[in-house]
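Work through the exercises below with the sequence and the model side by side. Each task is followed by a solution that goes step by step.

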Amino acid sequence: MRKNFFIFGISVLILTTIIYMFFDVGLLLILFIAIILGLGYANSIQHKHAILRNFPVLGYFRYLFEMISPEIQQYFIERATDGKPFSRNERSLAYQRSKDIDSTTPFGTQLNINDSNYEGIKHSIFPAVVKKELPRVLVGGPECTQPYLASLLNISAMSFGSLSENAILALNKGALKGNFYHNTGEGGLTDFHLQGGDVTWQIGTGYFGCRNESGGFDSIKFAEKANFPTVKMIEIKLSQGAKPGHGGVLPAAKNTEQIAKIRGVLPHTTILSPPGHSAFSDTKGLVQFVATLRQLANGKPIGFKLCIGKTNEFEAICEEMILQNCYPDFITVDGAEGGTGAAPLEFTDGVGMPFEPALIFVNKTLIRFGIRNKMRLIGSGKIISGYSILRAVALGADMCNSARGFMFSLGCIQALRCNTNTCPTGVATQDKMLMKGLVVTDKSERVFHFHKNTLHAANELLAAAGKDSFSDVDISIFMRGDEFSHLSDLYFPDNLKSVTHY
Ligand SMILES: Cc1cc2nc3c(=O)[nH]c(=O)nc-3n(C[C@H](O)[C@H](O)[C@H](O)COP(=O)(O)O)c2cc1C
């Protein structure tokens with residue numbers, strides 16, 4: 001291949017020189033070819049990249065195509081129901097709701113609804129009236145003195161650092177307009193979160209914003225911020241679905257001077273928050289920490305977020321709560337299918353329990369221990385539509401958080417570059433030039449509309465199921481494809497045998 005490059009390159013150079021001599025073509029062309037040849041020669045003798053060594057110029061196309069592969073997939077290959085983690089249909093729905101334009105679909109479903117994986121709501125012949133007001137849920141157990149009336153749908157944890165300052169500003173302003181909360185993520189509470197929107201302040205293992213010199217928890221710094229009026233709730237992050245047991249990752253490229261100052265770390269280095277907390281190391285310590293934070297926050301709701309791994313550990317937490325007679329005001333259950341700014345593939349693809357079994361397990365365990373009424377359950381894991389909200393509620397959640405849904409409302413195109421600082425939409429980058437593309441005033445409106453229209457769709461589904469309130473919803477309103485074949489076997493074995501067992 002290298003031989004071909006030299007033969008072809010030198011022939012083109014000789015040919016161009018001849019053309020130049022006889023036909024007066026610009027010297028520039030020869031110069032251009034000479035540069036390409038020089039570059040090709042340099043590549044052919046370098047040792048680092050095999051492709052460029054073998055294909056000194058053409059090899060660059062591989063890098064170019066690899067770079068734009070997600071866009072090529074999306075623009076030319078992907079069908080409406082394809083696309084991962086979110087299909088084109090799901091993304092389009094989020095964009096339409098964010099833009100407050102028609103989000104209906106034409107012609108009928110594109111899903112294979114005779115599949116055993118099909119899931120649907122059992123609608124009622126006598127639908128209820130669709131409520132105009134958006135649903136809210138009171139958070140605050142017996143030990144909470146400042147309960148918070150939260151929206152049923154809120155912005156899930158995403159740090160400043162993983163998202164740009166314009167993205168955080170737009171999220172917070174959208175939350176202010178729509179009266180829902182904005183979770184800070186583990187990167188700390190910054191000025192960008194203080195635009196007036198309600199905030200859930202997340203405390204991760206790095207204790208950013210309430211961190212002492214040695215990286216541990218600082219109760220004085222915590223108390224100061226926890227008592228800001230817009231901080232409505234505090235969430236202790238035990239783990240997140242995309243990387244449970246790993247801890248946070250802020251890639252060096254995104255760790256700017258500004259972020260390093262806020263977090264109290266060295267700029268331009270990769271920041272790994274430890275996998276576990278230093279403020280406690282067992283169930284007893286966790287429950288005590290909940291009590292300590294509630295006291296420091298003057299009775300504001302305190303909860304923790306986790307992705308379920310070993311189920312007996314969660315049962316041990318329940319036993320400890322009962323022993324200490326101390327309960328969190330909420331628990332956030334994050335499914336293993338959850339998103340992240342950056343995580344090792346082994347963790348995103350192979351650790352933690354998915355949303356559905358995790359939520360069912362946590363809900364049932366709390367009921368089994370007789371403590372379900374002490375706290376609220378918040379669910380997160382690909383909540384993007386009214387349907388996914390109703391489904392989460394049916395599985396046991398009182399409320400939902402969405403991270404990537406709100407990213408779409410900010411203009412995210414699922415370019416899958418959150419970890420490279422090159423997010424083309426300015427959402428998940430610290431590059432000032434890219435960030436400029438995200439206009440805060442415009443996108444905060446979209447955040448507001450996405451929330452409002454998605455919850456309205458949930459209200460419509462609730463009414464279609466014949467229910468008046470989300471608290472009346474349980475799993476019995478859902479049906480599954482495998483249920484039909486089972487029922488047909490059961491009740492019409494003779495008639496349908498040929499259909500179900502062919
Ligand atoms: C860019 C990004 C940053 C995130 N940062 C955090 C974080 O700081 N703390 C946390 O608990 N979860 C974090 N998450 C996880 C989300 O809060 C959420 O639990 C998860 O993505 C599931 O919700 P989704 O499916 O709606 O995205 C992050 C997710 C994304 C996409």
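The structure is a predicted model, in which local features need pLDDT of at least 70 and side-chain atom pairs count only at pLDDT 80 or more, whereas totals for chains, interfaces and linings use all residues. Residues are numbered from 1 along each chain as its sequence is written.

**Exercise 1.** Describe the chain as a whole and its division into domains.

*Solution.* Begin with secondary structure: the chain has 19 helices and 14 strands, where helices (H or I, at least four residues) and strands (E, at least two) are DSSP runs numbered from the N terminus. Next take the extent, for which the C-alpha atoms fill a box of roughly 90 × 75 × 40 Å along the principal axes. Then turn to the domains, whose bounds come from an automatic or database domain assignment: domain 1 covers 2-77 and domain 2 covers 120-481, and their centres, taken over C-alpha atoms, are separated by 49 Å. Finally, consult the record: an unreviewed UniProt entry lists residues 148-467 as "domain: Glutamate synthase", with positions given in the numbering used here, feature names shortened, and annotations that may be inferred rather than shown by experiment. Over residues 148-467 the chain is 38% helix and 14% strand, with its end C-alpha atoms 25 Å apart.

**Exercise 2.** Determine how much of the chain is buried, and which residues have the most contacts inside the largest nonpolar core.

*Solution.* A residue is buried if 20 or more other C-beta atoms, placed from the backbone, lie within 10 Å of its own, exposed if 12 or fewer, and partly exposed in between; buried residues make up 42% of the 502 residues in the chain. A nonpolar core is a set of buried Ala, Val, Leu, Ile, Met, Phe, Trp, Tyr and Cys residues joined through C-beta atoms within 7 Å. The largest one has 96 residues, and those with the most contacts inside it are Val362, Ile389, Ala397, Cys400, Leu410 and Val427. Helix α17 (residues 440-464) gives the most to this core, namely eight residues.

**Exercise 3.** Which residues come nearest to the ligand, and how does the shell around the ligand divide by residue class?

*Solution.* There are 28 residues around the ligand, with Ala157, Gly185, Gly338, Gly339 and Ala403 coming nearest; a residue is counted if its C-beta atom, placed from the backbone, lies within 6 Å. By class, the shell holds six nonpolar, 16 polar and six charged residues, where Ala, Val, Leu, Ile, Met, Phe, Trp, Tyr, Cys and Pro count as nonpolar, Asp, Glu, Lys and Arg as charged, and the others, Gly among them, as polar.
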